[in-house]
Amino acid sequence: MAEHNIPDRHAVALLTVDLQRDFACQGSPVQASGVSGTLPQILKIVNAFRSHDRPVFHAVRLYRPDGSNVDLCRRSAVEEGLRVLMPGTSGAELIEAAKPDPEIRLEADALLDGEFQKLRHNEFVFYKSRWSAFFRTELEERLNDMGITTLVVCGFNFPTGGRATIYDAGARDFRVIVGADALCDASEEGLRELGRLGVYQMSADSVLEWLSGNRRPNAA
């Protein structure tokens, strides 16, 4: 009997979630916990995908100052003056270490219009209006057009954007690997829940070995 969820390293893309300065900077009201310990593992995976010339997609949030596109749970705070993830601000930018070129800046207006900004060959950033990277975006269509069957997911904010994105990827029949040490705020119970959904869990170092063909994936 075929195991339909086995990851395929020949048809894989990396999807990062919320790798933005406002989620990483000390003192930010939306700072993710555990960034300092997790970020090196995230960057290992990002750089490995670049070196293997595999597609990389960065999903980002952008909050309009009037709060019109903000999640309901944060909309009042933004309307009342919370200034995070504002288009054109340094806090909304990808963290410098995650960029292929530190001079790149987000094209906020185009992203808000649903466009995918090309950062380099095979690397893109796009705007998600809610937790999941698949919610009202063209991500699924782009992945299908590229023949992608497998996603490696890592990044910040596992309880919100990370979890929602992973669940939605599975619901769309993508084979999913998570960098278990490359997901900020991921609890042991949260990771166990992913295992029940057939999600594969690997350390960043194991992802690198798998990409190189030196390791078989192991389900959680």
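**Reading the model step by step**

Mentor: Let's begin with the record. The unreviewed UniProt entry carries the annotation "domain: Isochorismatase-like", which covers residues 13-190. Keep in mind that this is a predicted model.

Trainee: How far apart are the end C-alpha atoms of residues 13-190, and how much of the span is helix and strand?

Mentor: The end C-alpha atoms lie 23 Å apart. As for the make-up, 33% of the span is helix and 19% is strand.

Trainee: Now the inside. Which residues of the largest nonpolar core touch the most other members?

Mentor: A nonpolar core is built from buried residues such as Leu, Val and Phe, joined through side-chain atoms within 4.5 Å. The largest one here has 47 residues, and Leu-14, Ile-45, Phe-49, Val-152 and Phe-156 touch the most other members. Helix 2 gives the most to this core, with 8 residues. Apart from this core lies another, of 25 residues, including Phe-134, Ala-169, Leu-183 and Leu-191.

Trainee: Let me zoom in on one member. What does Leu-14 touch beyond four places in sequence?

Mentor: Leu-14 has a list of partners: Ile-45, Val-46, Phe-49, Pro-55, Val-56, Phe-57, Val-152 and Cys-154.

Trainee: Is Ile-42 buried or exposed?

Mentor: For this you look at relative accessible area, and under 20% means buried. Ile-42 has 0% relative accessibility, so Ile-42 counts as buried. You'll find Ile-42 in helix 2, which runs over residues 35-51. Leaving out residues up to four places away in sequence, Ile-42 touches Leu-19, Cys-154, Gly-155, Phe-156 and Ala-182.

Trainee: Staying with helix 2, why do we call helix 2 and helix 8 roughly parallel?

Mentor: You compare the directions of the two axes, and an angle under 35 degrees counts as roughly parallel. The axes of helix 2 and helix 8 (residues 204-211) cross at roughly 10° and come within 9 Å. Helix 2 and helix 8 are therefore roughly parallel to each other.

Trainee: Which residues meet where helix 2 and helix 8 touch?

Mentor: From helix 2 come Gln-41, Lys-44, Ile-45, Ala-48 and Phe-49, and from helix 8 come Ala-204, Asp-205, Val-207, Leu-208 and Leu-211. Sorted by class, this contact has 7 nonpolar, 1 polar and 2 charged residues.

Trainee: At what angle do helix 6 and helix 7 pack?

Mentor: Helix 6 (residues 158-171) and helix 7 (residues 188-196) pack at about 5°, with their axes 12 Å apart. That angle is under 35 degrees, so helix 6 and helix 7 are roughly parallel to each other. Phe-158, Arg-163, Ile-166 and Tyr-167 in helix 6 meet Gly-190, Glu-193 and Leu-194 in helix 7. By class, the contact has 4 nonpolar, 1 polar and 2 charged residues.

Trainee: What about the backbone? What is the phi of Asn-122?

Mentor: Asn-122 has a positive phi of about 70°, although Asn-122 is not a glycine. Asn-122 sits in the loop between strand 3 (117-120) and strand 4 (123-127). With a relative accessible area of 16%, Asn-122 is buried.

Trainee: And where does Asp-185 lie?

Mentor: Asp-185 is in the loop between strand 6 (175-183) and helix 7. Its phi is near 70°, a positive value in a residue other than glycine. Asp-185 counts as partly exposed because its relative accessibility is 29%.

Trainee: One more loop, please. What is Ser-132 in contact with beyond its neighbours within four places in sequence?

Mentor: Those partners are Ala-164, Thr-165 and Asp-168. Ser-132 is in the loop between strand 4 and helix 5 (139-145), and with 5% relative accessibility Ser-132 counts as buried. From Ser-132 to Asp-173 you go 41 residues in sequence and 15 Å in space, C-alpha to C-alpha.

Trainee: Last one: where is Ala-108 found?

Mentor: Ala-108 is in helix 4 (residues 108-112). Its relative accessible area is 11%, so Ala-108 is buried. Not counting residues up to four places away in sequence, Ala-108 touches Leu-62, Pro-87 and Gly-88.

Notes. Residues numbered from 1 in each chain as written. Predicted model: local features only at pLDDT ≥ 70, side-chain atom pairs only at ≥ 80, totals over all residues. Heavy atoms only, no water. Helix = DSSP H or I, 4+ residues; strand = E, 2+ residues; numbered from the N terminus. Buried < 20%, exposed > 50% of the residue type's maximum accessible area, 1.4 Å probe, protein only. Contact = heavy atoms within 4.5 Å. UniProt positions renumbered as here; feature names shortened; annotations may be inferred. Axes fitted to C-alpha atoms, helices over the stretch in contact; angles between N-to-C directions. Parallel < 35°, antiparallel > 145°, perpendicular 65-115°, else oblique. Nonpolar A, V, L, I, M, F, W, Y, C, P; charged D, E, K, R; others polar.
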